[in-house]
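Here is a short report on one protein model. Look at the helices and the surface as you read.

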Amino acid sequence: MTPTFFHPAIVQLLRLQSRGRGRRMWSRFRQPRRLFLSAVACALAVVWLGNAAMTIWLRETASPESLHALLSLGLVLYVGWHFAKAAFFRPESRG
């Protein structure tokens with residue numbers, strides 16, 4: 001018999017607890033109102049993801065000049081935020 005890290009009774013107890021927790025969650029989820037709301041949420045998620053995918057797919061490509069300008073502006077704003085944060089926000093005091 002090989003020694004195990006957990007006693008077999010603990011493993012069985014954890015298995016039974018997780019099975020019971022799963023059954024309770026499933027029985028609460030099976031209520032008609034929750035099923036309906038979950039179906040509506042899934043449908044809205046599919047519509048939103050389809051909209052996002054079509055927006056990316058059908059967008060006209062940016063010119064290299066505008067892409068360079070937008071990336072530069074984003075980096076300038078990022079650096080500016082960090083300078084402002086260092087200048088105006090106090091670091092947390094320890095102790």
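Helix α3 covers residues 64-88, which is 25 residues. From its first C-alpha to its last, α3 reaches 36 Å, close to the 36 Å expected at 1.5 Å a residue. Keep in mind that this is a predicted model.

How many of the residues in α3 are buried? The count is zero among its 25 residues, so by the cut-off of under 20% relative accessible area α3 is hardly covered. Leu67 belongs to this helix. The C-alpha atoms of Leu67 and Gly50 are separated by 25 Å. Along the chain, Leu67 and Gly50 are 17 residues apart.

| Residue | Helix | Relative accessible area |
|---|---|---|
| Arg34 | α2 | 38% |
| Leu67 | α3 | 46% |

Now to the patches. Arg21, Arg24, Arg28, Arg33 and Arg34 gather on the surface in a patch of positive charge. The elements giving two or more residues to this patch are α1 and α2, and α2 spans 32-58. Helix α1 gives the most, with three residues.

A nonpolar patch also lies on the surface. Phe5, Phe6, Ile10, Val11 and Leu14 form it. Together they have about 540 Å² of accessible area. One of them, Leu14, is found in helix α1, residues 8-29.

Conventions. Residues numbered from 1 in each chain as written. Predicted model: local features only at pLDDT ≥ 70, side-chain atom pairs only at ≥ 80, totals over all residues. Heavy atoms only, no water. Patch = residues over 30% accessible without salt bridge, like charges linked within 9 Å, V, L, I, M, F, W, Y side chains within 5 Å. Areas by Shrake-Rupley, 256 points an atom, 1.4 Å probe, with all protein chains shown as cover. Salt bridge = Lys/Arg side-chain N within 4 Å of Asp/Glu carboxyl O. Helix = DSSP H or I, 4+ residues; strand = E, 2+ residues; numbered from the N terminus. Lys, Arg positive; Asp, Glu negative; His and termini not counted. Charge placed at Lys NZ, Arg CZ, Asp CG, Glu CD. Buried < 20%, exposed > 50% of the residue type's maximum accessible area, 1.4 Å probe, protein only. Expected span 1.5 Å × (residues − 1).
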